Amino acid sequence: MEGLLKTQTFVCSCFFTHNFYIKRYNLHVVFYDRNQFQENYMKILRNKGCVTEKQFQEVLTEIENEASRRRNLGEASLSRRREIKEKYVPRHREVYELQDKFLHPEFLSLVAEAKTSTATVESLLLRMSSMGQEVYSFPLFTQQFCRLVLEELEHIEHSACHKGRPNTMNKHGVLLNEFGFNKGLLKPLRRQYLSPITALLYPVWGGGCLDSHKAFSVTYDMGHDLDLGCHYDNAEVTLNVCLGDVFTGGRLYILPMQSDVDTAKSTNSIKCMHYPGWGVLHRGRQRHGAEKLVSGKRCNLIMWLRSSSVRNKHCPMCRGVPKLMQVPGLDDGFRISDSGGNQSEESVDACRAV
Ligand SMILES: O=C(O)CCC(=O)C(=O)O
Ligand SMILES: [Fe+2]
């Protein structure tokens, strides 16, 4: 579908009102206006140490700035893409085109197995590690490819072009689609390599009918962010791949899903060490965060994998039926077909989601 028809892209209107993150108080909030905010959060914030009028006003200003940034985001993204296309000269052109030699031999064998008609979760588990609670880890990229990507990201960071930052929580890192990583690298990675795996691992979460993604890098360093607060992703399935560098600490922790706690499947959180080249797959709505980096610098590639046939029914961020808005420059993976039904890229008949 994609590439033949012009895909109409949408965001849920909650993007402009929900999930504002106040890092200082480690709090996610909904913001419609000052009165509603004061009524809903004054007490909560006070309990978290936001006690003076000045502190409260600072929080308000921060959220209003973020709300305004989101309103202008589509336009800003389009303008950055124009600038990048005109001015950015890559350092390593080859990393923009996926080649099998970038992929770890064990990952290629995992994908080959996933593509067979006899593949099962059990047969995949002979080639990947289960961390419990539908969290899986496996080698994905070669060290050499990670090194090239890290150098490219460094080159991007030092370039004069404006950079789109991943989201409210990650200010250090870059939106990879704006720099042209999607077409030749990330889209083929999702379609040809990840989808066969996610179809088996996450059938009820849209793993069999992924049709878009949002990808970005995240960076933690001694001079700036060291950790990441607990959150869930705007994704049906998330891929988190460590690119390097040399670091200690910074483990990914993943909390049990409420449904797993209810059925007593698990009450323990999972801790994943990051190894350069290794990827972790988890459900996007499973709450998680990054522990404090102890030394060095860590950079990871995050792909929020999306399935329109799942999210069209249920927005992962506000948890309601999405109120779709078309905003030039913004795409949160919701889709509407010409006939008004749900339509997804490559997958309508292949979708195993319920
Ligand atoms: O830093 C990490 O490994 C986690 C990043 C993450 O969860 C996110 O950006 O959504
Ligand atoms: Fe996340």
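Start at Gly-184, which counts as partly exposed because it has 16 C-beta neighbours inside 10 Å. The scale runs as follows: 20 or more other C-beta atoms within 10 Å make a residue buried, 12 or fewer make it exposed, and anything in between is partly exposed, with C-beta atoms placed from the backbone.

This is a predicted model, in which local features need pLDDT of at least 70 and side-chain atom pairs count only at pLDDT 80 or more, while totals for chains, interfaces and linings use all residues. Residues are numbered from 1 along each chain as its sequence is written, and chains are lettered from A and ligands numbered from 1 in the order in which they are written.

**Stop 1: around Gly-184**

Gly-184 sits in helix α6. Helices (H or I, at least four residues) and strands (E, at least two) are DSSP runs, numbered from the N terminus. Now select Tyr-96, Glu-97 and Leu-98. Gly-184 is in contact with these three, leaving aside its neighbours within four places in sequence. Contact means that two C-beta atoms, placed from the backbone, lie within 7 Å.

**Stop 2: helix α3**

Select residues 105-114, which form α3. Which residues of this helix are buried? They are Phe-107, Leu-110, Val-111 and Ala-114. They lie on the same side of α3 because they cover an arc of only 95° around the axis. That arc is taken from the directions from the helix axis to the C-beta atoms. Turn to the other side of α3: Pro-105, Ser-109 and Ala-112 are exposed there.

What do the buried residues pack against? Show α4 (121-125), β5 (135-139) and α6 (182-201).

**Stop 3: where α3 meets α6**

Keep both helices on screen. Two packed helices are described by the angle between their axes and the distance between the axes. Here the angle is about 60°, and the axes of α3 and α6 are 9 Å apart. That angle makes α3 oblique to α6. Angles under 35 degrees count as roughly parallel, over 145 as roughly antiparallel, 65 to 115 as roughly perpendicular, and the rest as oblique. Axes are lines fitted to C-alpha atoms, for helices over the stretch in contact, and angles run from 0 to 180 degrees between N-to-C directions.

Now show the side chains. From α3, Leu-110, Val-111 and Ala-114 meet Tyr-193, Pro-196, Ile-197 and Leu-200 of α6. The residues of this contact divide into 7 nonpolar, no polar and no charged. Nonpolar here covers Ala, Val, Leu, Ile, Met, Phe, Trp, Tyr, Cys and Pro; Asp, Glu, Lys and Arg are charged; the others, Gly among them, are polar.

**Stop 4: backbone in the loops**

Most residues other than glycine have a negative phi, and most peptide bonds are trans.

- Asn-26 has phi near 45°, a positive value. Find it in the loop between β2 (20-22) and β3. Asn-26 is exposed, with 12 other C-beta atoms within 10 Å.
- Gln-133 has a positive phi of about 50°. Its loop runs between β4 (129-132) and β5. Gln-133 is partly exposed, with 19 other C-beta atoms within 10 Å.
- Gly-244 and Asp-245 are joined by a cis peptide bond, with omega about 5°. Asp-245 lies in the loop between β8 (237-244) and β9 (247-249).

**Stop 5: Asp-33**

Finish in the loop between β3 (27-29) and α1 (34-47), where Asp-33 is placed. Asp-33 is exposed, with 10 other C-beta atoms within 10 Å. The C-alpha atoms of Asp-33 and Thr-17 are separated by 9.1 Å, and the residues are 16 apart along the chain.
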